[in-house]
Amino acid sequence: MALGEVVFTTSLAGYQEILTDPSYAGQIVTMTAPLIGNYGVAADDDQAARPWAAGLVVRELSGRYSNWRADGSLQDYLARHGIASIEAVDTRRLTRHIRSEGAMRAGIGSEELGEAEILRRVQEHPPMAGLDLTGVVTTDEAYPVAAHGAERFRVAVYDFGVKRRSLELLAGRGCELTVYPATTPASEVLDSGIDGIFLSNGPGDPGAVPGVAELIDSLAAREIPLFGICLGHQLICRGFGAETFKLLYGHRGGNHPVQRLETQGVEITSQNHGFAVRCDGDLVPGAPDLLVSHINLNDRTLEGVRHRSLPIVAVQYHPESAPGPHDSRYLFDEFLRMMENGPGPT
Amino acid sequence: MPKRTDIKSVLLLGSGPIVIGQACEFDYSGTQAVRALREEGYRVILVNSNPATIMTDPDLADATYIEPLTREWVERVIEREKPDALLPTMGGQTALNISLELSDAGVLDQYGVKLIGADARAIRMAEDREQFATAMQRIGLSVPHGGFVGSLEEALQVVEKIGFPAIVRPSFTLGGTGGGIAYNRDEFDQVVRAGLAASPVGEVLVDRSVIGWKEFELEVMRDHADNVVIVCSIENFDAMGVHTGDSITVAPALTLSDLEYQRLRDAAIACIREIGVDAGGCNIQFAVNPDDGEMLIIEMNPRVSRSSALASKATGFPIARIGAKLAVGYRLDELPNAITQMTPASFEPVLDYIVVKIPRFAFEKFPTADATLGVQMKAVGEIMAIGRTFKEAWMKGFRSLENGRCGWECSDTLADDGLTGDDPASLLAALRRPTAERPFQIKRALQAGLDVEAISEASHIDPWFIAQLEEIVEAEDRYAAVEAVTRDELLEMKRFGFGDAQLARIRGASEAQVREERWNLGIRPSYKMVDTCAGEFPAATPYLYSTYEDENESIRSDRRKVVVLGSGPNRIGQGVEFDYCCVSAAMALAEEGYETIMVNSNPETVSTDFDVSDKLYFEPLTLENVLEIVHLEQPEGLVVQTGGQTPLLLAKKLDAIGVPILGTSVDAIDRAEDRERFEALARELKIEQPANGLAMSAAEAIKVAERIGYPVLVRPSYVLGGRAMEIVYDDESLKSYFERAIRASPEHPVLIDRFLEDAFEADVDAVSDGERVLIGGVMQHIEDAGIHSGDSACVVPPYLLRDDHVEEMKAHTRALATALHVVGLINVQFAVKDDVVYVLEVNPRASRTVPFLSKATGIPLARIAARCMVGRKLEEFGLSSDPLVSGVAVKESVFPFDKLPGVDPLLGPEMRSTGEVMGIADSFGHAFAKAQVAAGNKLPLSGRIAVTVHDEDKPNAIPIVRRFHEQGYEIWATAGTARYLQARGIPAKPVLKVHEGRPNLVDHLISGDIDMLINTPLGKHAQHDDYAIRRAAIERGVLYTTTLSAASALCDALIGLRFRKPEVLSLQQRVIGAGAFATTDLEPGMITGV
């Protein structure tokens, strides 16, 4: 039986990227798009070595797939990886329920278990708030990723649940990467002669991740360019004193408008987060060193920060966007520009 | 960035008459744009020649010009109004082309008019395929490799490089007019020649063929600050090679992975930036190779389009409305999402349902047209259906088509499904050729056991779609085979999207039985909202569709409510004019304090704009779907008069089940339509009818004809637009007609009327409150009797009818309305022959001419009628006398002959026009001239007229031809006609008929020697000679007429034009100036409130 926090994503496509996104660890994903599996699965679309979502809820799982890239059906893929899925659900009703009641614990089980038993198991399952899942999804050992073409920079990646697309985008820009387990001490990373540090996305409650203050303090102290995404963003913010809180039902999908305050430009973003950093206008309460750089235009929540003086940028959403629009790829270029400028105040 | 304050007034161009490729979607976009701009306080000046549109209602824009949409006429409007800006992107290709011409001619600069939304440079770069190809190459995108050529020689050089099949597209034409696919050298020669002729710049694009590739469209919006969003992705069910307007399409795209979709998205964004559409929407088409994913960009329309109307309805994101606001300076993030109202418009809608659009064709009206679907659009309308799965949307879509099938079901005969056999070879051969019947052929192929791969390979349709259809066929087989239907089985079929009527047929039951059983089992649809955000945010606007799921989101309010039934897909005989009436009814009833509930299936319409009514159900107009809405909403009544035949046919069934119908009773409708009952009524009222009879067989028909005398007019009962209506001169033709007509409508007898040759005809539209009758106007047909009223030009006030006959018509109309207890609209058709006024037809409902008459008189007849239906009285509106027309208003019809090669343009009793225009002026000549120009006819102010008329017409032709001669026109005529004219003192140069040698009349037409053609048919069957002449005129764009009455009117028009240029005048000034508003003393708010 699958247990987890049931959430919904409004992404129309990209189910395979979603299932394999480690940020979905511990979550049962409801696809609001009603037809899932149409184009099958392709090995290239995996964002991790295995799917991390706890379960999948769909209106209809396509009985047949058709796409030249596909190397198998979603059904087989789910079965092979032991991911529970359920179809013929009124997913819109479920979505509306989650929207009004919040993301909640849920389970997918067979009828033989009986309703009462299923409910008991669901209630015994730990809630997402207070849960650190980075230890579950992070790499066991550090590993290198070679830069594509000539190496321009050396970047340390903290793997809290990193997606392959993030690594590809960095490597594709000439970054030689070393991906470290989430609990790697800062000193070990900082002593390896690096130009920048990337804090990845990841699942769970940012407030439950241990040792954040020390980690961020140490990294910031060297004034090395720092780039955080999603959980990485939340950890940076917490490291500087900000507060995080659980959103009622989170942001998951590929259509959220985010405004970049510097230009007033709007980018359509890929989103997947259940927690957010508290903000007040363009200030971040508790973290006077941080400035709000991006906000979500749907609900005015914080979507990005930059440090007032240090080369530190972080966004709540997913500029690597797998799945989702590519509007925010400039952030990777910005990270590279920071590394070009080298350590020290901006 | 707030709205611009440097402009105060905006000129908006409509798209003119409804033609294939440019239909009422531009009424929808234009109406939204007008409202959006007025909301912002701009003075809006509108030019559109199409009176059937909602946008031309005088209370919508500040100044409404029903004037021809040509550079010359729009320039006159500019001269008069001096607008600050011109928004060129809301009126289809027509508006875009005129805007470009005005810009090129320096008119915009001269009057200081700024182009907003898209500038001339951007429009040209998108429209000119050479510039477009270069621009795309600049940003690293591929276009189908080929080249632009101005001659056949150059074209051959290009095709040598790229090989066959090749696609030929003329530059600057509408809906791909004149293009084609060539599979060999001979075809190539033909298609290139036709294309070069069709292109106003004599240029065609020869493309690499991407036939069989997957086709996608993205609807893109961009604001001044360079924010770009994709509103919707659309996937074509039919592969490349079938015009997207003729393709079944699906939203969102279903067979693309995110990686592939984002490639299209990136390309679309790069494209709109490179082309530089700086504030507004555009549509970008892509082809994707199914074997390796190679992506080509096919074209970009820098304006709203048919697809953007579909995308707006499919997502709930009002592209035209937002586009208009962007054009005056707003940013996307400054505008609210109209549905959630709490989130901004700078987002990308997500769908939690599937949308299927299916085109509707009219090949039954054009039996000689080539029914193969290709790059030139042939569909006349479309429906959209929404379901939670593709299968459900597909099935609902086929139920919405109103084509005589009760869903996606095969016909009883192979022939009706376009097949000659149902063996695998025949089926596969048929599937290779895209036609309107192909979806049914696919069903037959699946039933015959052909596998998905084979069907997909033959049709180029993606196997994913075919596999979905296979699931439907399998479900149907299971359902047919079960012993007794259980609740689960029935529910499963409903979830697949099967209608009760189709389920009934599968198991040999009646629809009522299935419905009863379903209700007994407690199976009812639930309604879900189209909310742009897949449920992520609460929606404030109830835009609903039905499905079979757990949660129903349509909550009944406790307000008094009415349901307005729309008119379904556009078809010949039922188009935008009925949408105008439905929208008018909804608005009037909202003002009466009712909650208005609209039901319609046509995505091109204003009625399916979610803010036109309080609640919108986007549903098939079938008994089942309407009954379920009625069950949920419990309205006080249904408005069935305003949507044409579609709701009227439903009304009978609804009434039988006890659903309340507003206004005129269903029994009265039947009394008007049932031949025998109506005859009794006419006798009682002492109103003359042409002698007539009913026949169930050819033998009976011949007997009737013997009694009443030839010629006779024959038609099946209960038909639309004169379907299968013919004039028959002898027993032989009657027999042959009968064999065909019986198949056209088996349940109903054939009606036979004495045909009144050379009679004058007229239409009267009136409104009754049940006590008093207001005559909207008497419209005299310009063509003689025998030409369908929808195809004939008409004029109000009448110009050749005697006053006493006009008065008699009015009196008859009042008597009929009173006797039938009409509450609402009534239309009566009359003929006058030998001093007798005959009534031909009574339709107790909105007619096609209601909007035309409303524009001509300034009286909103449909709105008044709707108010009467809920109990208001005419005297309450101060409408004490019948309205007057200020000046003369002419309605002219527009035909699709240029889109359908092989079709004879000869007019007859079967309606074939797709749209209409109006000319309004102070004299008949000027009004008729305006109508002709608006209809796209080139009026030669001097030159050469070729005359070839039937012997019987010769005497009547003399005075007309003489007038032309006296005006200095040179007369050419075929031998017989020439001799006749010369003998009567009119110099006429003889010219050869086709069979007489060369150069003949056709050669002269093609060479451009002739400026106008008067050709009346030689006898009862159009002869080949005549046909060739008329086709040549159509293809070369030479003004032609096939009736003497129209020739005479043209003469008036030309004389009018030669002596004085007609003025342009807004409806508001014309009507108010003439006092029409004042004399009728409308209560405040009655014609406002849009």
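Analyst: Helices (H or I, at least four residues) and strands (E, at least two) are DSSP runs, numbered from the N terminus. Axes are lines fitted to C-alpha atoms, for helices over the stretch in contact, and angles run from 0 to 180 degrees between N-to-C directions. This is a predicted model, in which local features need pLDDT of at least 70 and side-chain atom pairs count only at pLDDT 80 or more, while totals for chains, interfaces and linings use all residues. Residues are numbered from 1 along each chain as its sequence is written, and chains are lettered from A and ligands numbered from 1 in the order in which they are written.

User: At what angle do H16(B) and helix H17 of chain B pack?

Analyst: Two packed helices are described by the angle between their axes and the distance between the axes. Here H16(B) and H17(B) (residues 487-496) pack at about 155°, and their axes are 11 Å apart. That makes H16(B) roughly antiparallel to H17(B); angles under 35 degrees count as roughly parallel, over 145 as roughly antiparallel, 65 to 115 as roughly perpendicular and the rest as oblique.

User: Which residues of H16(B) and H17(B) make the contact?

Analyst: Two residues are in contact if their C-beta atoms, placed from the backbone, lie within 7 Å. H16(B) contributes Ile472(B), Ala475(B) and Tyr479(B), and H17(B) contributes Glu489(B), Glu492(B), Met493(B) and Phe496(B).

User: How do the axes of helix H2 and helix H3 of chain B cross?

Analyst: The axes of H2(B) (residues 71-81) and H3(B) (residues 92-104) come within 10 Å and cross at roughly 70°. That makes H2(B) roughly perpendicular to H3(B). Arg71(B), Val74(B) and Glu75(B) of H2(B) meet Ile98(B), Glu101(B) and Leu102(B) of H3(B).

User: How many residues does the contact take from chain B and from chain A?

Analyst: Chain B provides 46 residues and chain A provides 42 residues. On the side of chain B that touches chain A, helix H9 (258-275) and helix H16 (463-481) of chain B are the elements that give two or more residues. H9(B) gives the most, with six residues.

User: What radius of gyration does chain A have?

Analyst: The radius is taken over C-alpha atoms, and the globule rule is 2.2 Å times the number of residues to the power 0.38. Chain A has 20 Å, which agrees with the value near 20 Å for a compact globule of 346 residues. Its C-alpha trace spans about 60 × 40 × 35 Å along the principal axes. The secondary structure of chain A comes to 10 helices and 17 strands.
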